[in-house]
Amino acid sequence: MKHPIAKIYTSKGIITVELYPKYAPNTVNSFIWAIRKNMYENRVIKRIVPEYVLQPSYSYFDDDDCNYMLEGEFSDNGFDNPMKMEKWTVAMAGDGTKEAHGCEFFITLSDEAGAKLQGKYAAFGKVIDGFDVVEALVNVELKRVYPAGMSATVYQPVQDEYMEHVEVDTFEVEYTVPKIKYWIRWGC
């Protein structure tokens with residue numbers, strides 16, 4: 001069986017990611033579902049931390065439709081996910097202990113960052129092409145921003161960069177709707 005292939009169209013070019021459902025099946029289901037629900041369409045890239053992560057989908061885009069949590073498919077949560085977190089690994093953000101965010105993914109930018117993130121986040125894919133695009137995004141001029149209530153280091157491009165479109169080829173394999181742990185609804 002072929003692994004699903006996602007293409008992330010950005011303002012700097014295309015990043016191609018191979019997905020590994022055998023390591024994090026519900027996380028892959030969620031990523032594919034989010035793609036098919038157009039959750040990644042025309043979104044401003046809000047978090048880049050050089051030598052650490054490129055997070056095209058940070059802060060759930062301030063869109064309640066994108067704000068849901070999954071059970072974390074990583075070892076610190078007791079889930080057997082043997083995928084090594086290293087440079088170019090694609091993983092789902094979350095609380096680092098129990099949960100993964102449903103559509104906030106990141107690309108690890110160094111092996112050292114991967115070692116810090118290992119076992120705390122659901123690794124589910126690997127960049128296989130478009131390394132130069134990732135580098136071009138990481139090397140734009142950045143400004144430091146602090147979202148309300150967050151202690152994480154957040155750098156945002158000075159001039160907006162976009163995740164314009166994401167598509168996935170599942171090679172005719174059906175992927176189910178993810179098992180959502182809960183939705184976060186603000187102001188509802």
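Q: Which residue stands opposite Lys 126 in S9?
A: In this predicted model, Glu 18 stands opposite Lys 126 in strand S9, where strands are DSSP runs of E with at least two residues, helices are runs of H or I with at least four, and both are numbered from the N terminus.

Q: And how many bridges join S2 to S9?
A: Strand S2 (residues 13-19) and S9 run antiparallel and are joined by four bridges, while two strands pair if DSSP finds at least two bridges between them.

Q: What about S7, and who faces Ala 123?
A: Strand S7 (residues 89-94) also runs antiparallel to S9, with four bridges joining them, and Ala 91 stands opposite Ala 123.

Q: How many residues of S9 are buried?
A: Six of the eight residues in S9 (residues 122-129) are buried, so the strand is mostly covered; buried means under 20% relative accessible area, exposed over 50% and partly exposed in between, using a 1.4 Å probe and protein chains only.

Q: New topic: how many aromatic pairs are there?
A: The structure holds 10, counting rings of Phe, Tyr and Trp (its six-membered ring) with centres within 6.5 Å, and calling planes under 30 degrees apart stacked, over 60 edge-to-face and the rest tilted. The rings of Trp 33 and Tyr 68 are edge-to-face, because their planes stand at 85 degrees, with centres 5.5 Å apart.

Q: Where do those two sit?
A: Trp 33 lies in helix H1 (residues 25-36) and Tyr 68 in strand S6 (residues 68-71), 35 residues apart.

Q: How are residues numbered, and what gets counted?
A: Numbering starts from 1 along each chain as its sequence is written, and side-chain values use heavy atoms, without hydrogens and water. Local features need pLDDT of at least 70 and side-chain atom pairs 80 or more, whereas totals for chains, interfaces and linings use all residues.
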